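Reader: I am new to protein structures. Please take me through a single part, the sheet, and take it slowly.

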Amino acid sequence: MGIPPRASAAEISLVLLGCGAFVALSPLRLAWAHPGRTWLAPFLVWALLIALAALAARGERRGRGS
Amino acid sequence: MTIATSTLSLVALGYLALLFLLAHLAERGTIPRRFTGNPLVYSLSLGVYATSWTYFGGVGFAGSHGLTFLAVCLGPTLACIAAPLVWQPILRLSRDQQLTSLADLFAFRYRGRRVGVFVTLLALVASVPYIAQQIHAVVDSARALAPTASPTALGLGFSALLTTFTVLFGARHLTARERHGGLALAVAFESVVKLVALLAVGAAALFGVHGGIGGLEAYLAAHPEVTERLAAPVREGTGYSSLILLSFGAAFLLPRQYHVAFAEGAEERSLRFAAVAFPVFLLLLNLPVLPILWAGQRLGLDASPDVYVLAVPAALGSTKLPLLAFLGGVSAASAMVIVTTIAVAGMCVNYFVLPVRLDKLGEDPYRRLLWLRRALVAALIFAGYGFYRVQERGGLLVETGLVSFVAFAQFLPGLLGVLFWKRATRAGFLSGLGAGSLVWVAAALLPLLSRTGVLPGDLGARALFGADLGESWTLPTVLSLSVNVALFGGVSLRGGQSPEEAEAARICAREAIVVGPPATPWGSASELEQALARKLGAAVAEAEITRALGELGLSREGLGRADLRRLGDQVERNLSGLFGPILARLLVHPADRGEGDDAAIADQLRFLDERLNRPALGLTGIAAELDLLRRYLRTVLEELPIGVCALGPRRDVILWNRALARTTGLAPEVASGLPLERLPAPFGPILSSFADDTARAEADVALDDGRRRLAVRLHKASLDAESAGETGAPFGLVLLLEDRTERAALEAQLVHRDRLASVGRLAAGVAHEIGNPLTGITCLAQNLAEEPDAAEARARARLILEQAGRIDAIVRSLLGYSHAGTSAVEPGPEGTFARVPLAPVVDQAIALVRLDRTGKRIQMENVCPDDLAVHADRQRLTQILINLLTNACDASQEGGSVFIDAERQDASVVLRVIDAGTGIPEEVKARMFDPFFTTKPRGEGTGLGLAVVESIAREHGGAVWVESEPGVGTTVHVRLPLALAPRLGEDALSAFGGTT
């Protein structure tokens with residue numbers, strides 16, 4: 001079994017975008033857009049999306065480095 | 001609380017003066033470049049996304065649509081996750097192709113001015129209401145603090161201030177190739193001001209109204225309907241998802257976003273940093289929105305939630321905080337207006353004005369263009385003001401911005417086509433964009449005009465479509481984008497692409513690089529300059545050529561075809577920043593002359609190679625695999641120990657490998673692109689004449705390059721296009737240059753040793769020949785001593801002199817034959833080759849061979865014509881004859897005969913040595929020219945004779961072959977170059993293809 005080729009920055013970005021869209025747009029949003037949650041909950045979700053953006057940017061930097 | 005209008009005006013004026021100062025210091029370099037070019041400044045300048053809509057309107061939007069307000073900034077956050085997928089490719093394209101606006105990008109990919117015109121038109125129509133919204137926000141916020149202020153005066157004053165600033169700093173430089181450091185810093189500063197102001201107001205609301213986080217939590221716990229109202233729109237999905245889609249596209253499709261993100265020459269590291277810092281900025285900016293909203297509701301403010309950012313601190317009795325909040329609003333609005341007008345004005349100049357007014361630019365187009373752009377900036381700002389004034393009713397602040405968002409979302413399918421869909425066509429793009437725009441006008445713009453009283457009647461969604469979703473953007477978004485995508489895809493799939501469009505598609509997909517037009521129509525830099533001068537004036541043409549030459553490190557004179565191509569390419573790039581890519585191409589390449597010819601192939605191959613060798617090209621898919629193969633083959637060619645030179649059909653150099661560079665001393669970058677005949681001597685003329693000579697595929701050449709003498713062997717092969725699967729013009733030639741200097745020296749040594757060996761063999765005969773006259777001289781001298789008769793004594797002395805002359809002739813002949821003699825590299829190509837009459841040389845060789853004891857018993861007859869001469873080295877010709885005659889004598893029976901004759905055959909002479917000896921068996925024939933192969937007994941032959949004969953004949957550009965039959969005899973043929981009368985000799989040599 002061969003070693004799988006390293007994912008490109010664009011591929012990593014695409015996967016992370018899918019994850020972000022799932023968090024922001026799917027029915028999962030009912031979990032954070034719920035009256036019982038703290039009003040800061042959407043901002044925590046937002047922070048998670050920013051973390052995904054940071055991961056994507058890291059993939060880009062690593063891709064260029066290699 | 002009321003603040004005097006004059007105070008507000010002074011604050012706004014002072015703030016804009018501060019912006020002027022900052023921008024001025026940055027432009028002058030007082031603020032260092034490392035600061036203005038910092039990734040943080042770039043990230044903050046992207047904060048121009050947050051306009052007064054977010055700043056003021058966010059609170060009102062949250063009040064009416066709950067958490068949906070977050071979608072405006074969640075979309076850009078998702079877009080930042082997609083930065084490597086979307087932003088980076090656009091940045092590289094913009095940088096590589098000098099695409100300074102959205103219109104440039106689409107016009108480049110879909111190849112057409114109409115594309116640029118359409119994109120510019122939609123951007124213009126969509127931007128004016130958005131600019132009006134900013135003026136509206138500033139006027140409303142000022143009147144919230146100074147209710148008696150005149151809206152007209154406020155609006156006009158704000159518009160005038162913005163125009164002044166934009167003209168002075170935003171439109172200060174004409175072209176995007178010069179970065180607006182001052183503008184970028186000012187926009188970043190404005191982002192900081194609006195963030196600080198909003199955070200300050202949020203903190204005041206949280207602590208001044210709610211009593212801290214605990215108090216806010218208690219308030220929310222006591223009023224569950226507040227959080228319910230907040231979450232319901234997101235849960236129900238009304239408008240939330242469509243707004244995320246709109247804002248996702250707006251993050252890079254709004255003219256202001258494209259301008260700061262891509263057109264200002266950002267570095268890729270800045271973009272990577274901004275992919276995180278920009279959403280963090282947006283998050284911080286939105287964090288105070290809910291506390292401010294709830295503070296206003298808790299305070300029971302009578303004002304619209306759109307001005308709670310001002311009203312809450314005012315209600316708390318603060319005098320400074322409302323002013324700071326006002327300044328934040330001015331920042332948000334002014335940044336948007338400034339950058340948007342710069343971007344849209346540039347698009348308007350390139351696609352509306354220049355194509356029809358290019359000839360009117362006159363002698364100073366830079367200045368005229370600058371003022372044209374400034375005038376358009378002013379016109380745009382005042383158009384926005386006019387739109388604001390004609391609105392009778394103001395709705396929610398966000399509504400106008402949302403209408404613009406839907407318009408700019410129409411570019412999204414086309415952009416995805418640019419990046420990911422190579423089959424997308426111009427017709428598909430224009431169809432989709434046109435239909436989507438029409439739907440947008442009907443479903444978004446007309447209802448907006450109706451709602452704000454610009455148009456009479458009810459043109460809302462319910463009236464037009466019989467449906468009302470409770471918000472204004474989802475229906476137009478879904479309708480317009482559906483129509484757009486359907487037509488874009490359908491028309492693209494049905495239609496074909498032009499070759500140019502297909503090429504651009506491959507470039508955008510990073511599967512190709514620009515190879516430019518098929519040929520350079522200009523023969524020199526001056527011709528290109530004259531072509532530009534006809535459109536741009538002499539001064540500008542000269543400046544552009546000089547700039548491009550400087551950037552490429554070239555000088556005006558002596559430019560080869562490749563250099564001219566690079567020059568045209570660079571000028572086109574530079575002008576692209578000035579006029580846009582379409583006009584720039586038309587200016588530099590006014591008409592494709594249709595030279596799908598030889599030069600185009602050579603140019604394309606060379607430029608393709610040059611571009612592909614750039615690092616980090618980022619090719620993907622099969623292009624990357626082919627590039628890997630190309631690099632492998634290229635390395636093989638480069639590292640070959642033999643010199644390789646590939647020529648285009650017009651004999652200009654495409655490839656010049658390292659071995660060739662070592663042999664010739666000419667670096668590949670020097671030789672590449674030059675016509676072969678323009679390469680420095682001696683290589684240029686020699687290679688050129690060899691390439692042009694269709695009769696020879698191989699030649700041995702001795703030359704002197706000033707450093708050393710070289711012996712090289714040239715080979716050539718034509719590169720047939722059909723063998724590469726192509727039809728049409730041939731690819732050219734490949735020349736191989738084999739450096740045989742060392743080998744030639746070794747061969748020369750071998751020849752010399754062979755000569756010495758034959759001298760050794762002749763030694764006994766020489767001794768005998770010298771001995772006879774010497775005996776005679778001795779006897780004559782003894783008799784002479786006793787001879788009294790003077791007359792008899794003189795007669796004997798004459799006899800002595802004759803005998804001494806015989807000895808002298810023998811010794812001279814032997815010395816002349818045996819001295820160190822020539823080699824291929826020494827004493828030089830022209831030094832020893834001359835016109836040599838054949839018959840005397842044959843006589844001399846016979847005389848020498850007769851010295852051999854065996855040779856004496858053989859009859860040797862020279863029947864060569866007296867008038868026949870060859871172009872040869874006399875000594876080496878003698879060596880050929882001696883070796884052949886010796887062999888003939890050895891093979892002949894005692895008393896046998898050997899004939900030497902010669903005849904002219906075209907431009908050569910064929911010399912024959914004929915014997916009636918034992919003949920040569922077939923098995924010996926196959927090896928008879930191998931060095932050290934001999935059939936003679938040990939000690940009687942070196943085995944070098946025929947090998948040396950063949951080597952010398954080849955050196956002369958001739959050949960040797962043998963006809964032999966065992967028991968009958970042998971004839972050895974030697975072909976040598978004919979030497980005619982001296983006047984014609986060179987021609988004959990050339991025709992023969994001999995060595996020079």
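Author: Start with one pair of strands. In chain B, strand β10 (residues 908-915) and strand β12 (residues 969-977) pair in the antiparallel sense over eight bridges. Strands here are DSSP runs of E with at least two residues, helices are runs of H or I with at least four residues, and both are numbered from the N terminus. Two strands pair if DSSP finds at least two bridges between them. Strands of a sheet pair through backbone hydrogen bonds, either parallel or antiparallel. Now pick one bridge: B:L911 has B:V974 in β12(B) as its bridge partner.

A word on the source. This is a predicted model, where local features need pLDDT of at least 70 and side-chain atom pairs count only at pLDDT 80 or more, while totals for chains, interfaces and linings use all residues. Residues are numbered from 1 along each chain as its sequence is written, and chains are lettered from A and ligands numbered from 1 in the order in which they are written.

Now widen the view. The open sheet has five strands in chain B, in the order β7-β9-β10-β12-β11, and its pairing is mixed. Its edge strands are β7 (859-862) and β11 (959-965) of chain B, each pairing on one side only. On average, neighbouring strands of this sheet are turned by 15° against each other, direction ignored.

Helix α38 (residues 874-891) of chain B lies across β7, β9 (897-905), β10 and β12 of chain B. This helix runs at about 25° to β10(B). Axes are lines fitted to C-alpha atoms, for helices over the stretch in contact (C-beta atoms, placed from the backbone, within 7 Å). Angles run from 0 to 180 degrees between N-to-C directions.

Definitions and conventions:
Two residues are in contact if their C-beta atoms, placed from the backbone, lie within 7 Å.
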